[in-house]
Amino acid sequence: MSETVESVSALIIQKLLANPKVPRDIDGNCKIMEDLAFDSLAVMNFVMEVEDTLDVSVPLDKLADIRTINDLAKCIVDLKNKG
Amino acid sequence: MTSLFSKFEGTASALGALVEAGGRNPFAVVIEKPISSTVGLIEGRETLLFGTNNYLGLSQSERAIKAAQDAVSKYGVGTTGSRIANGTQSLHRQLEQRIASYFGRRDAMVFSTGYQANLGMISTLVGKDDYLILDADSHASIYDGSRLSPAQVIRFRHNDADDLHKRLKRLDGTPGAKLIVVEGIYSMTGNVAPIAEMAAVKRETGAYLLVDEAHSFGVMGKKGLGVAEEAGVEADVDFVVGTFSKSLGTVGGYCVSDHPELEMVRLNCRPYMFTASLPPEVIAATMAALEDLADHPELRTQLKENAARLHAGFHRIGLNASRQVSPVIAVTLETLEQAIPMWNRLLDLGVYVNLSLPPATPDHRPLLRCSVMATHTAAQIDQAIEIFRQAGLEAGALKETVA
């Protein structure tokens, strides 16, 4: 697989920006819950969209350790490399 | 120094705004006394109960009341022990045998609440290398069970068997067992699981299937066994979890299964082992309610008619009510500014329903959640529809032109 943390992070940001409520100036270091004001349900639903684009499943227990967009990107790249 | 309680500030201000907007705390409604299964005394007024999950009205069953009274006289009021220590009396085993036999299953485990039944079964069945595959709209008890388990947890889109299939396919080749968890009727929305499609995915992928029939037991299927019986796929269900606190009118939870290993689950299941067992009067009342359920299939027919009547009435007056007819009928509103005054006005006018607010609702919109009973009369249902119309107009949730 050719995805890198940078490319996945860019894809996540692109998906987030499709939501008009998300601030325009986000980057990979933004904290998903604090900076984007996502509640736990919104985070789970958003991750589901990313999962479908990248054909990967992120187990919920992994989400507990994810704070930033880059954390999520790294987790997804690790899962894809493992698979 | 950081206050221990600062984490509650958000809840406190949200609650403050709720009370300010409507005059009441919707989470502190007191039913002073039930007058019957369908009418309760709230704020000193006789109020129609349309939010109690008491689908067959059996909380007021004469047979169950008498059984509880007899059991109290004979056994006392409590067991003071856990199921694996001093908390199993002959009544507990009798109830397990009866519930297993009613489902036509090998054995049953009885828990002290339905919440604990999900918590216990889900956290115990799956181990470190296993996968739990949950419907995205699962009840809190299922999510909490998944957090207590060491397994990897994957969500699939609500009631979407294709999405379930896709996510299971992604796990092809991974070691570990896969357990699919779905509900029969979803408690917030009344959505019914497409269980035949889910069962087909289970068969194809070799996963196990657990169905929580909490809101569908006593309600669907010829014997009232739930959605799996109604769809004819009981043989595909490895574990049925349920509760006594809906259609049977008491309290407690259970799991029935044909897997002989259920006996070992008893000795590994913390929410079963480390809590006190149900008191004798509850067990006796539950067994009596189970007899009521078996002896009175007409209650289910009446419940279906009543649910259809309320459902049709809501659609007739223009409310955005659940698509499917089930005893849980949710009215979706667009904003809190409509939902809060409407819920308060309903109670003023004599109808109690549940106010469900995001994020406990699936799509971030508030719900007025109604549950229908077999014991509601047609007149009570019509009165509730009329009161919904009036409250809906006053709250701006309905337009005057719709009559």
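Strands here are DSSP runs of E with at least two residues, helices are DSSP runs of H or I with at least four residues, and both are numbered from the N terminus. Two strands pair if DSSP finds at least two bridges between them. What you're looking at is a predicted model, where local features need pLDDT of at least 70, side-chain atom pairs count only at pLDDT 80 or more, and totals for chains, interfaces and linings use all residues. Residues are numbered from 1 along each chain as its sequence is written, while chains are lettered from A and ligands numbered from 1 in the order in which they are written.

**Exercise 1. Work out the strand order of the open three-stranded sheet in chain B, and find which strands stand at its edges.**

Step 1. Line up the strands: the order is β11-β14-β13, and the pairing is antiparallel.

Step 2. Look for the ends. β11 (328–332) and β13 (354–356) of chain B each have a single partner strand, so one side of each is left without a neighbour in the sheet.

Step 3. Ignoring direction, neighbouring strands are turned by 30° against each other on average. (For angles, axes are lines fitted to C-alpha atoms, for helices over the stretch in contact, and values run from 0 to 180 degrees between N-to-C directions.)

Step 4. Zoom in on one pair. Five bridges hold β11(B) and β14(B) (residues 367–371) in an antiparallel pair, and B:T332 has B:L367 in β14(B) as its bridge partner.

Step 5. α12 of chain B (residues 298–316) lies across β11 and β14 of chain B, at about 10° to β11(B).

**Exercise 2. Now trace the seven-stranded open sheet of chain B.**

Step 1. Read off the order, which is β4-β10-β9-β8-β7-β5-β6, with mixed pairing.

Step 2. Find the edges again. β4 (107–111) and β6 of chain B have a single partner strand each, so each has one side without a neighbour in the sheet. From one strand to the next, the twist averages 20°.

Step 3. Start at the β4 end. β4(B) pairs with β10(B) (residues 253–257) in the antiparallel sense, over five bridges. One bridge to spot: B:M109 has B:C255 as its partner in β10(B).

Step 4. See what lies on the sheet. Helix α3 of chain B (residues 90–103) runs across β4, β9 (239–243) and β10 of chain B, at about 125° to β4(B). Helix α4 of chain B (residues 114–125) also packs on the sheet, and its direction makes about 155° with that of β9(B).

**Exercise 3. Is β7(B) mostly covered or uncovered?**

Step 1. Set the cut-offs: a residue is buried with 20 or more other C-beta atoms within 10 Å of its own, exposed with 12 or fewer, and partly exposed in between, with C-beta atoms placed from the backbone.

Step 2. Apply them. β7(B) is mostly covered, as six of its six residues are buried.

Step 3. Take the faces one by one. In a regular strand, side chains alternate between the two faces of the sheet. B:K178, B:I180 and B:V182 are buried on one side, and B:L179, B:V181 and B:E183 on the other.

Step 4. Find the neighbours. β5(B) pairs with β7(B) in parallel over four bridges, and B:I133 stands opposite B:I180. β8(B) also runs parallel to β7(B), joined by five bridges; there, B:I180 has B:L209 as its bridge partner.

**Exercise 4. How many residues does each chain bring to the contact, and which element of chain B gives the largest share of its side?**

Step 1. Count: eight residues come from chain B and nine from chain A.

Step 2. β6(B) gives the largest share of chain B's side, with four residues.

Notes. Two residues are in contact if their C-beta atoms, placed from the backbone, lie within 7 Å.
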